Amino acid sequence: MTAPTEPRTRPMREEFTDIVGAALDADPRLAVVLAEISADRFTGAAARHPDRVINVGIREQALIGVAGGLALTGMRPVVHSIAPFLVERPFEQLKLDLNHQGVGAVLVSTGASYDYPAAGRTHMAPGDVALLDTLPDWTVHVPGHPREFAELLSAALLTDDLVYLRMSERTNETPFPVGRRFRVVREGRSGVVLAVGPMLRPVLAATAGLDVTVLYAATVRPFDAAGLRAAALAATPDVVLVEPYLRDTSTAAANAALADVPHRVLGLGVRRDAELRAYGTADEHEAAHGLDPAGLARSIRGFLATGGR
């Protein structure tokens, strides 16, 4: 007899196109706005709903402007592209056509910080979450597993909020129930390590054998200050933030959560001090930023070893 196998985990982009395609059939308020990226994945939905699947071409500013216009009419726009084309290039339109107008949209990016290294720096956006942090009212999800992404996306479609979902091809082995609170994955006494999204996989490897609490976040904005504070007060208040985007993106939020408590915070993520110009592979970029298990172990162990000195 053949042993049963676990169902195949589908990539986040497959979950995205299937969930949104089905939602278009069920919700006449929903519209999808594209700028060529993934247009081939929506051909069936576009044939069924030609007035609600809009491809503006390689015009990223128009991508957000059209979404803002749709939202002003009462529609719920889902906007999709590679991260630098969705957040960095049309940032002024995000600020004016969405935030300033007081309307919502669901932005779904792909590519993360360095998922597509063969395409070069133009396709990398490690600063996307930090950039959105300059605007109010955004909910930011960084799921570490396709099942988490599917649940977060389905919930976002039912709201009128400003929501950013950051897809990645780098994922954790297993999903966790999603929510606004940081999840305790492992308890310890010598410090707290917060792993965001797909960083949980290397963090668990890097902290094996360490007496630290490991927290997991699939939602980073709003920042769960209460959850971080509770974990830090139950252990040594030395906190390491491991984020799959720009280093120190959430350091200010962590410091604010512990403002009345003597503490230390180490922010780890994509380096700010060097521009990597070799394309390489995603694994090589991860190692160059010190985000592989070996690099994280060195940084975390070195930081904890200096506590109280």
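Buried means under 20% relative accessible area, exposed over 50%, and partly exposed in between, computed with a 1.4 Å probe on protein chains only. The model shown in these views is predicted, so local features need pLDDT of at least 70 and side-chain atom pairs count only at pLDDT 80 or more, while totals for chains, interfaces and linings use all residues. Residues are numbered from 1 along each chain as its sequence is written, and side-chain values use heavy atoms, with hydrogens and water left out.

**View A. Phe16 and Phe42 form an edge-to-face pair.** Rings of Phe, Tyr and Trp (its six-membered ring) pair if their centres lie within 6.5 Å; planes under 30 degrees apart count as stacked, over 60 as edge-to-face and the rest as tilted. By this rule there are three aromatic pairs. The ring centres of Phe16 and Phe42 are 5.7 Å apart and their planes stand at 75°, so this pair is edge-to-face. Phe16 belongs to helix H1 (residues 12-26) and Phe42 to the loop between strand S1 (30-34) and helix H2 (43-48), 26 residues apart. Helices (H or I, at least four residues) and strands (E, at least two) are DSSP runs, numbered from the N terminus. Phe16 is buried at a relative accessible area of 1%, and Phe42 is buried at 2%.

View B. Phe182 sits in the loop between strands S6 (162-166) and S7 (183-186), and Phe223 in the loop between strand S10 (219-221) and H9, so the pair ties together parts 41 residues apart in sequence. Both Phe182 and Phe223 are buried.

**View C. Strand S11 (residues 238-246) is mostly covered.** Nine of its nine residues are buried. Strands pair if DSSP finds at least two bridges between them. Four bridges join S11 to the parallel strand S8 (residues 192-196), where Leu194 stands opposite Leu241. Six bridges join S11 to strand S12 (residues 264-270), also running parallel, and Asp238 stands opposite Arg264 there.

**View D. Helix H9 (residues 225-233) has buried residues Gly227, Leu228, Ala231 and Ala232.** They cover an arc of only 130° around the axis (taken from the directions from the helix axis to the C-beta atoms), which puts them on the same side of H9. These buried residues pack against S8, strand S9 (213-217), S11 and H10, where contact means heavy atoms within 4.5 Å.
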